[in-house]
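Please open the structure in your viewer and keep the selection tool ready.

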Amino acid sequence: MQLTLFPHLKLSNDELIASFSENSNWQESPIRYLCWHSHADKFAIALKDDTIRIHYNDNELVPMLKHKLQRNVTMMSWKPLSASTLAVGTQTAVLVWNIDPTSLSTRPSSGAVQVLSHAGHSPVTSIGWNPRGLDLLFTTSTLSSAIVVWNVSMKQSQVIQHVTACGGISRLLFSPDGNKVITTTPSSSFRVFETATWTNERWSKLAGRVQSSCWNPSGTLLLFALYRDPRIYSLTFSDSSSFDQPVLDGPKHASVILDLTPDDEREHESSNVISPSNIIHSICVDPTGERLAVMFGRDDPRCHLVAVYALASDPVVSVTPSGFIHGPVEAIPTFITFKPNVKKGALLTICYSNGHVGYIPMYFKAANQLNRSKILTPLKSFSMKDIDQNQSMWSKSQNNSLLVS
Amino acid sequence: MNTEHWLMAQELRWRSAACAVWIWLLMFPVTAGFLFTWLLLPYNIFILYDFFVLLFAFRSWFLAFCIACLCVLYVKINKDTYSVNNGMKSTRIDMLLKHVRPKSIVYTLSHAFLGNCITFLISNFVPTRFTHISTLCNSLPESNSCFNESCFIFHLFGFVVGSVSFILREENRESTLFFPPVQQGRFLSVKCHLTNLMLKSASVCAKILAYFLLVYYLVGFLGRNFLATLLGFPLCAGHIISLWNLFDLVPLAWSLWLSGTFVLLLQNLTWHLFNVYLTQIFQFPMDSVFPEDVPKLLTTNLNNSQPAVVQHMAFQYLSFISQFSASKRKQIFMLGSESGSGKLFKWDVIADECISRISTLTEKLKDYQQGISFTGDAKRSSSKSSSTSSQSSASLNSGSQSVLSVSMLRRRPLASDSSRNPNMSYFEVSSLDTSYAPPSQLNTSALLNGSLAVPTPKLWTKQARKNQANVSTSVYGSSTTQDQDDEASYETFKGQLKKLGARLLQSVRGISVVSYFITELPDRKAGNIFADHQIYRWSIQSISFLTAASITEDDYGFVQRRLHEVLGALLDLLSVLEKNCKLSVTSSSPAVLSLLRQQHSLKAETKSAIHRITNSFARHLDSIAVSAEHRRRLTSFLEQRE
């Protein structure tokens, strides 16, 4: 009965992780995940051979993390307000690495890793640190309905919620301000929790499961895309900073802010028809909340492109197309993420199917900076031409790209 | 006059009552679940029918009602016995005495009695062999009924489970309130923890059952015979708990295990709900125009003089608002009318409290580390002295010159000259390190034969005292009365008595059996430093969140005046915690290990707190006056190298 309701329960571990991964080709891609540090110029990159490498901006040393329990890396996350702690979600457990940034060792010892395992909570498909820098790590599994919080130093786990009748929790994502968290499930519903008392609101009767979601920096706008649905939806929340504690007052219905149905299909099909293949695989908003990047599904004709949009959430949510990013020839983008803590503009990082990592800088002046400096003249958003220039910058800066073989 | 704190009299009492109501309601479904398990027998094919018959019987509802009422008594005991301080007794004698205090005995017996009552009620749900104390006897033809040993064992086990579980809870510090990192609702909390509580109860009960059966097999007949004689029932032939009676033993053990698990589950569930209720955030007022409300203000209740539970709740609320509530933070950064401690700025009061808690922990850790290093030095010295003494004895035996060097003796002040103290040494004897040169060694004639003549010290002779009195007379040149002399003699005598007492205590301590009981256990001593870890954690979090938020929210710049203090306190704490984490202290007790792990947690918390401040202020911190060492650490934090 349960297997009929939740087909993902029939999948093998590898297939399960691949179907819910942010990587569009998790099983075949040389790079499975990339995670930037929130303050330092360094990132961790998880490879197909189950190793993780740490790349620094100012250091040639590349520490390699390897552990016998580190198999099938699903997700990674640097601890906020820590220079050295990296949590890794794997098929069996969560590994918390402590990589001393001043160490000259390229192979951190097994003493630098902590294994956190909770019975019936594997594969760990999603992890998230407390965004306020507390020593709390939240984990979820697609095969478990529990949200587990770990007091990492104490190695104590606590089940804080059961999202029942959904077949598990595929992803957990905190808003950058730390006041809200979205939990998506393999079924056609998702919940948004506030993090003070963990009360939640539920959105159901969706056309499919949530494929990808992201928050704007203030946590007032939630964007999400559904599996096999070409549209991006938004939910607007009020700013929690004006209340004594975080509150949830989301709208009853999500509104469509972007429709990515190809023009030729739009002519032939009605907009309500669900596509046979996945269209949007991943969406992400840059740390300023001004740019939205969309990566297409593997079976979509636009899978070799990454679409970039200018996003505005005040006074109303609006999305303006900025252009498409082409990668290297015969390479398909498999993973996208924005670098946090960029001084000016944004930096999009794209991992390609051939093992390349491309950095796409986007120079613009953020709206909040404009407001602060009382500049009233509107800044022209990027046009396609601008993106093309960036693209040529990408091809010029081949030396900066990383090839992983 | 010992009046109860307003928070405990109002809020905590209400919370306990609410908890009692909740647990009373919850007991009915839990008891129903237990009844279903109780009917699970291999030969019972009508289990569902039996269950529903039981469910609709008045007797069952009455018994469930009684069980629910007994659970309310558990709430009352929890209210009387809970603590918030994780400190543990650090000597073995204290650990033993803790369990034989009258209060502990009363509560142990209360738990035992409640356990017994619950097993009695369980045995009456369905008529079984555990229901009646007498049974029809087949082995004794002359008597119709005899003593029912199964019933006796069943009730005795309830008694044992109740008492042992209470002692175990006390030993493992499970009656200390645990403030969860994430607050949960009541129903949700029970739902999320029920499985764990059941598993825990079952495993603890299995352990108790194993020991119970063993002890009953060895000495159980004493209690059985005593009770049978008391009640006037004849005893049946044979024993129930016997190796030859395994077929009877297995169902008995199953019934005991189920009933014991149920008793423990009720206890654990009650405690869990009690903990959930008491650790919920209480919203202290930040400001009030009425002077009578001053004791209720947050800033007043952070004080060290408040009861521990009140301090915990105040710091918990402070940590909460410093994270989540911008409006409350704004109030902290504003000029207040009255903050409870006579200070105008709430920020000052809060910063004082937080910094003082952080400094207290730093001082405790420093003292502990100094103690460790001193003990380490002493150990090294003693090992060195033992080697020296062996060397010296060897040299003495060989008839060589004295090995005592002059550097080991310190010159006594000139005021006490040898001419006035003929019996005293030229050198101050107190300065002689006994570990380097024991008195027996000093008194050897070989020393006198050497080049350095050191007369034998005779500090305890009457002559010496007389001389001392003469000296004082001659020095001051005054006419001393007999009374003063007597008083001086009395004082000296008292001092000597004290010394004698100290020596006696030392010699008693020297006895290995006594020292075994009174020596402080190093792991517990180290763990006790972190007994108030929750308050330390909340202090670190609160001060860092407030400081970080001040860059955009503090309009008057109150926080910046004390930024160097905040950073200094946090950096000092971090450096001592880093040192402490390198000390290897191990323990076999899970409660002690949990406390010892707190140092790693606090270290992580402190690092995050410093990062929080440095990330907010960034290069503005360069203009803050801090020491060179702190500057170095701050720079490495700013460069993300920590």
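Begin by selecting Arg32(A) and Trp26(A): the charged end of Arg32(A) sits over the ring of Trp26(A), 3.8 Å from its centre. A charge sits over a ring if NZ of Lys or CZ of Arg is within 6 Å of the ring centre and within 35 degrees of the ring normal. This is a predicted model, in which local features need pLDDT of at least 70 and side-chain atom pairs count only at pLDDT 80 or more, while totals for chains, interfaces and linings use all residues. Residues are numbered from 1 along each chain as its sequence is written, chains are lettered from A and ligands numbered from 1 in the order in which they are written, and side-chain values use heavy atoms, leaving out hydrogens and water.

Next, select Tyr33(A) and Phe335(A), which form a tilted aromatic pair, 4.8 Å centre to centre with 50° between the planes. Rings of Phe, Tyr and Trp (its six-membered ring) pair if their centres lie within 6.5 Å; planes under 30 degrees apart count as stacked, over 60 as edge-to-face and the rest as tilted. Tyr33(A) is buried, at 6% relative accessible area, and Phe335(A) is buried at 2% (buried means under 20%, exposed over 50%, partly exposed in between, with a 1.4 Å probe and protein chains only).

Then select Trp36(A) and Phe43(A), an edge-to-face pair with 4.9 Å between centres and 70° between planes. Trp36(A) is buried at 11%, and Phe43(A) is buried at 5%.

Finally, turn to chain B and select Arg92(B), whose charged end sits over the ring of Tyr516(B), 3.9 Å from the ring centre.
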